[in-house]
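Hi,

Here is the model I promised to pass on.

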Amino acid sequence: ELAATDNERWSALQLMREAMKRGEADAAIRLAEILLRDTPADTRAEAWELLSPLAVQGSGDAINLMLHYANPEDPEGTLGEAELFARFADVIDARGDFQALAFALPRVEPSKQQDYIHRMKSVMTCDFKSSVRFSEALSRIGRREEARQWLDIASNLADDTPWKLVKMGDSYRDSVGAAASAEMMSNYTRAWESGSSVARYRLIDRYTTPSHAEYDPEAAAEMFLDAFATLEDERLASVLGRLRGSTEEVQAAVARHVDLIAPYARAAASGDVAAMREYGYFLRDRASGPQDMQVAISWIEKAAEGGDASAMFELSRAYAFGIGVPADADDAANWLRLAAVAGHGKAADLAAQANLLTTNQQRLQ
């Protein structure tokens, strides 16, 4: 984790391999997890070689890693949950550990589920992660009241650690649902008060989404105002994007306390490309004439020139339709191609369609 060079990283991995050879129980799982963070085929292949024999022994950690890091481009990594269960069901049934049983619980026959639950209780370590995992597994088979009980146990083991509080909020949201709204929001709020940026975004999402029971424009405004006051300019972009996409009610609630243009302009002035993009979008959405639109597109162009894929795509559209810039088919095609190369999915689809159309036209000629 501290390695600053490839040589230092290689040396660290060698220590992990040596620990594994000397019988350190968790070293193989930890090493595989590290290797799977990278994309090179050789490191991925080594990880799968480490995980496969562990999975055959009934290791749920190994099976879950194989599932979580499945790579569609790797024939050995295309196993989905159903395929992995089919492959290791007999092993899990015979000697699966707690994590393996939790993985299998939603897929075993209903007649076996209670037996698996008893086995999980008998082998589990009653810590935070295991309690949450138990809750998730029970939720997946429709036993939400029991799932809630295990989350209540986990809440007593969370010790106010921010990431654990966020995990608790997510688990109440996903495993129990609307009935646990109070617990979910309490955990998010405690995590945010402890400095979690993830919790901030969770709260903003709940307060700004009309379909959520927690939708509250005034509470949302407080979250946005706190972000404007506490976040550095270059970290504001994602918050500003959420504000721009929120309802008129939410924007009006924020506008009662601050001129909306101010945080967008401040963040864009920092030079952050995402902030420049959001400022351009904000100005574009409120443009009342050609001059306003020109200024908006100029900010989008700055973000595109800085490498932002979304801005590249929007700039392509601007050139295609002459919005804020003179219409230019060549510039539109060029920015569309750059957006596709930068990873913009819709741009890639459109670019592929354009190439196909060009190819067909050339054949006709």
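**Notes on the model**

R206 sits in helix α12, residues 197-208 (helices are DSSP runs of H or I with at least four residues, strands are E runs of at least two, and both are numbered from the N terminus). This is a predicted model, where local features need pLDDT of at least 70 and side-chain atom pairs count only at pLDDT 80 or more, while totals for chains, interfaces and linings use all residues. Residues are numbered from 1 along each chain as its sequence is written, and side-chain values use heavy atoms, with hydrogens and water left out.

Back to R206: its relative accessible area is 12%, so it counts as buried (under 20%; exposed is over 50% and partly exposed is in between, with a 1.4 Å probe and protein chains only). Beyond its neighbours within four places in sequence, R206 is in contact with R173, M184, M185, H212, E214 and Y215, contact being heavy atoms within 4.5 Å.

A147 belongs to helix α9, residues 144-155. With a relative accessible area of 0%, A147 is buried too. Leaving out neighbours within four places in sequence, A147 touches S135, L138, S139 and S175. Its C-alpha atom is 9.0 Å from that of Y172, which is 25 residues away along the chain.

Now the pocket, which may be your kind of thing. A pocket here is an open set of points on a 1 Å grid over the protein atoms alone, where a 1.4 Å probe fits, with protein on both sides within 12 Å along at least five of seven lines; lining residues have an atom within 4 Å of a point. Its lining has 30 residues, with D61, N64, Q99, K129 and R133 nearest the centre. The elements giving two or more residues to that lining are α2 (27-35), α4 (60-68), α6 (98-104), α8 (128-140) and α10 (162-176). Of these, α8 gives the most, with eight residues.

The C-alpha atoms fill a box of roughly 70 × 60 × 45 Å along the principal axes. Of the 365 residues, 43% count as buried. Among contacts with a separation of 6 or more, 50% are between residues 24 or more positions apart.

Cheers
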